[in-house]
Amino acid sequence: MDLLQILSNTVSSILGPATIAYALAAVGLAVHFGYTGLLNFGIAAYMAIGAYGYAISVLTFGLPWWGGVLVGIVGSIIFSLILGIPTLRLRGDYLAIVTIAAAEVIRLLFLTNAFDAVTGSADGLSGYHDSFRAANPLPDGTFGFGPFTYNSTGWWVRIIGVLILAIAVLIVWSVMRSPWGRVIKGIREDEDAVRALGKNVFAYKLQALVLGGIFGALGGIVYALPSSVNPGVYVTSLTFFVYTALLLGGAATVFGPVLGAVLFWVVQTFLSNLLPALVVSGILPFMSTSQSQTLRFILVGVALMLLVIFKPQGLLGNKKELTFVKQ
Amino acid sequence: MSSNETPINEAPVQREKATNLHKGDIAPGVAKVDPIIIADGIRRTFGGLTAVDVDHIEIPRNAITALIGPNGAGKTTLFNLLTGFDKPDGGTWTFEGNSLAGMPAFKVARLGQVRTFQLTKALGLLTVLENMKLGAKDQRGEKFFSSMFPALWRKQDDAIEQRAMMLLKKFKLDAKSEDFAASLSGGQRKLLEMARALMSQPTLVMLDEPMAGVNPALTQSLLDHILDLKDEGMTVLFVEHDMHMVRHIADWVIVMAEGRVVAEGPPDEVMKNQAVIDAYLGAHQDVDLGVVTGRVAGEIPEEAQDLAAEVAALDSAIRNRAANDNPEKTS
Amino acid sequence: MTTVRIRDARKTRRIGIVALAATVATLALTMLSGPAAADDINLDKYDFKVSGNVKLNSEPLEAVALTVAGSGYTVDIVTDVEGRWSVGVPEKGEYTVTLDESTLPTDIAVIDETDDSPNVKEVTIGQSGSSVMNFFIGRGERNQTSFVDQLVERLVNGLNFGLMLGLAAIGLSLVYGTTGISNFAHGEMVTFGAIMTLVFSGMLGLPIWAGIPIAILLSAAFGYVMDVGLWRPLRKRGVGIVQLMIVSIGLSLALRYIFQYFIGGGTEQLPGSDSPQIDLFGSVSLSVIDLVSMAISIAVICSVAWWLLKTRIGKATRAVSDNPSLAAASGIDVDQVVRIVWIVAAGLAGLSGILWAYFRPGIRWDMGAQILLLIFAAVTLGGLGTAFGALIGSIVIGLLVEVSSLFIPADLKYVGALVVLIVILLFRPQGILGRRERVG
């Protein structure tokens, strides 16, 4: 068992594309759920739309990489409008069911053989990297320090990812301290009260849905940037993992989603390296290596339950500011 | 907790009542000299149950009108209908000459007709000051794109904050301005909700049971605030159970029963009206209506009541020990 | 035979519903018992598997030779007495299965008008680690199945599927009605029943007539444990419904992966899952297991209806669903009602999982999660919190899923149901049978 390698991998995951992608999606979810109180269980669909929008526009329509990013964003806005205009009038738990169902519909549409030529059905999409990598200003080779040593493409993906994440966090920070954010938080507390004060609650919810949705789509794009688009990723579990990351950091905080995503992936990476190593070295004799991988996800579920029950405000949230409104 | 424990007639100031509000003989639906709201043929049914069926009603301007009636008379439903929070099966109604039929609640509020809620809707996880600032109308910083640039809205926001602090001082909440609204007492929340409504500078203030659950110590100040609204040129329409309060501050009283307006008139005359005594006071004349703060019974569907009764009859031996630990339920 | 026994069982009204379900299931499935071992090669040697059936008009064909080739590996196999075969293969990927037509009875060939060489099929082993390739040989009739026959077959299948959805949906609906929890872990309660049957009948070798009742009783016990160990304490803490919903999501994830931990990522079959087909009319045929499954569903659903309508505790349940505070005020022990609801709901979900394991066929760690949204759709369609609405919703959804696959690609058949769920929530959020809620 190479403990140093395990620790190195673990530390390296702080800057992993998956971590950045989760952080972006969690920031989007913070806008939806943490600030506005929208119980969106379809963040996986936003990520799928971002990823497929990016990959399809590059592969099928030959757009440059930034064109693909724009398509992903526009796709998420259209999805927000289609999803939001009819559903935002619904009660919280109904919205949850509608969004989770809509996310499954989106996933199945990407997965079906009927559109294989465009979506790649079960195989997903890959080989859309040329334009993105051609835009890389970094020199070839491998550089960095310690665990943060990546090749040129690796750095390019991370730099773009962190840049997008920084912009997203900045936007959320600035809007949530404004009067706009005040209305949004008011809606989370009691939308009828806000309505009675002459605010167009529906319009605000839709704006929040679009804003958070864009971050979700960007998360999907960052997830797809280094490797491929695989339909098996965008399942409802993904939504729940992002929720876990969000609640870990603090749903109604600016940096909570980022912290949560980092912790989520650090722990995941650590366990996914450590547990099989323990199995191989005979310290966990009662399980196989594949069982030890499953164990990680069991722990995610348990962690989600414990978090919601004992620390619903998350690590960064105000103790008084429980983000769950009793309905 | 009952407001009746503090007799209202200890009130230090007796202000003059508005009179001569109506035209012609007093009867349900009588025309007013200067109506602010005129409603015709408002009907609302839930399933088979008719909650509201009002042929004609006018609310006098710059006066305090009380809407009273027994539980389930349709007072809150009428409030919801007038303010756009619920849609009637049919009917027309106007506010200062503007038709409100089909208008969403937020637009009604923008016209200057704001309301409070029976179950107080203080925005618990916003501070008291944030609650107040939310009430102000036409804020530039509430538009999404300008919200990102404080330069565009900072000045207006400061002005709003000043006004909010003045109102908070008046309502004696200024010391709490940085606390979460959730930390306030029930009565303070009522005050906050009223103060927040005033931030939008309304012409008509609609208060749904402003006294429900208010600590007796706060009752008098709340009453004074309501009377002040009239002095400042506003019109007040409120739902209340407390007869003493109604008699004390209302200029006009509208009595509802089973969804209809059964009587209206100046408070003293309405209290003598036999229809009112029958419909409302009836057998409960000696019951302290001020303590009736919950109004659940009128809203439970009949079949549920039957079912519950049936179950109770089937096994009356079950001890009543679950009352304290029934589960959370969506409402 | 089956129906008579079910009627007998229904007479024993004093028996709890779960025990009743168990009894019926046992009696009915006894006839199907006898685990059938497929002729298999290299299953122990390799992790991945290709398997299938060869049948002529629903009759198994024995001693038909097949060749499985791919990934530089070739193996010959012969079907067993039940027409089954099973081959372990070294890795994931594409394999070619060739049926040797000379080993078929005379004058018989594999017929598929859309395929030039119908006796050669490609299979791909993907994430699941196994793949099934069946040869149904039918002297050409199958290909000429009329639309009406297909429709009838789908309707029957849909009814069957709808009924088993109904078992799960009634429970979900009762839980929602009495506690307000949208229980995302309900799918895992479905899986639990199937896995317990697998444990007792598949692994421990108990006969299926013993395994199924044990599984249902354990499911019910599981419901009790969840209520006492988790939901009741949370109710006492006054945890909000959104929090409870997310707790149920966490529970769902944890349980799902615990299942995977123990049974792995593949598909397991229950004993007796390959029962003979019975021709009904035209080319419509049903397996014995389908018929028994439907009979069990109907019997159990009727018992639940009777329980809800006639018994004291059933009425109390409906009263609590309507209005918990009023129910509590009228002397109903809400805690007791909720506890019983969890037990019944879990028992029903477990039974539903067992039946679904036969319908799919197969048991997977995430099988419950696969139909969770369909259960939600059914409950929503009928009106959240109304048990009878949930049943009707389930049948509608079941029919919709099966019939829609006549018109849209089979891998999109759930989409139709989900779209219906969304549309219903938009236009009639109270469901078909639900009451409109008062606003404000």
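Modeller: Gladly. Let me start with a definition: a helix here is a DSSP run of H or I of at least four residues, and a strand is a run of E of at least two. With that, residues 238–259 of chain C come out as 86% helix and 0% strand, with the end C-alpha atoms 30 Å apart. Please keep in mind that this is a predicted model.

Colleague: What is the annotation "transmembrane region" based on, and which residues of chain C does it cover?

Modeller: That label comes from the UniProt record, an unreviewed entry, and it covers residues 158–177, 189–218, 238–259, 280–309, 340–359, 371–400 and 406–427 of chain C. Such annotations may be inferred rather than shown by experiment. One of these spans, residues 340–359 of chain C, is 100% helix and 0% strand in the model, and its end C-alpha atoms lie 28 Å apart. Chain C as a whole has 13 helices and twelve strands.

Colleague: Why is Ser182(C) called buried?

Modeller: Buried means under 20% relative accessible area. Ser182(C) has 3%, so the label buried applies. This serine lies in the loop between α3 (147–179) and α4 (186–203) of chain C. Leaving aside neighbours within four places in sequence, Ser182(C) is in contact with Asp93(A), Tyr176(C), Met245(C), Ser248(C) and Phe376(C).

Colleague: And what makes Lys310(C) count as exposed?

Modeller: The cut-off for exposed is over 50%. Lys310(C) has 59% relative accessibility, and therefore counts as exposed. Its place is in helix α7 (residues 288–310) of chain C. From Lys310(C) to Ser51(C) the C-alpha distance is 49 Å, and the two are 259 residues apart in sequence. For chain C overall, buried residues make up 58% of the 440 residues.

Colleague: Let's turn to the rings. How many aromatic pairs does the structure hold over all chains?

Modeller: There are 33 aromatic pairs over all chains. Take Phe33(A) and Tyr243(A): their ring centres are 5.5 Å apart and their planes stand at 65°, so the pair is edge-to-face. The centres need to lie within 6.5 Å and the planes over 60 degrees apart for that name. Phe33(A) sits in helix α2 (residues 17–35) and Tyr243(A) in helix α12 (residues 236–249) of chain A, so this pair links parts of the chain 210 residues apart. Both Phe33(A) and Tyr243(A) are buried.

Colleague: Why is the pair of Phe85(B) and Phe117(B) called edge-to-face?

Modeller: Apply the same test to Phe85(B) and Phe117(B): the centres are 5.4 Å apart and the planes are at 90°, so this pair is edge-to-face. Phe85(B) lies in the loop between α1 (75–82) and β4 (90–95), and Phe117(B) in the loop between β6 (113–115) and α3 (128–135) of chain B, so the pair ties together parts 32 residues apart in sequence. Phe85(B) and Phe117(B) are both buried.

Colleague: Which residues do ring pairs link into a cluster?

Modeller: Ring pairs link Tyr22(A), Tyr223(A), Phe241(A), Phe264(A), Trp265(A), Phe297(A), Tyr257(C) and Trp365(C).

Colleague: What about Pro88(B): where is it found, and which residues does it touch?

Modeller: Pro88(B) is in the loop between α1 and β4 of chain B. Beyond four places in sequence, Pro88(B) touches Ile42(B), Arg43(B), Arg44(B), Leu81(B) and Trp93(B). Its C-alpha atom is 9.6 Å from that of Asp53(B), 35 residues away along the chain.

Colleague: Where in chain B is confidence lowest, and where is it highest?

Modeller: Helix α11 (residues 302–314) of chain B is lowest, at a mean pLDDT of 55, and α3(B) is highest, at 95. Over residues 1–12 of chain B the pLDDT is below 50, and it stays under 50 over residues 315–331 of chain B. Where pLDDT is low, the predicted coordinates should not be read in detail. Chain B averages 79, and 80% of the residues score at least 70.

Methods: Residues numbered from 1 in each chain as written. Chains lettered and ligands numbered in written order. Predicted model: local features only at pLDDT ≥ 70, side-chain atom pairs only at ≥ 80, totals over all residues. Heavy atoms only, no water. Phe/Tyr/Trp six-rings, centres within 6.5 Å; stacked < 30°, edge-to-face > 60°. Buried < 20%, exposed > 50% of the residue type's maximum accessible area, 1.4 Å probe, protein only. pLDDT = per-residue confidence, 0-100. Contact = heavy atoms within 4.5 Å.
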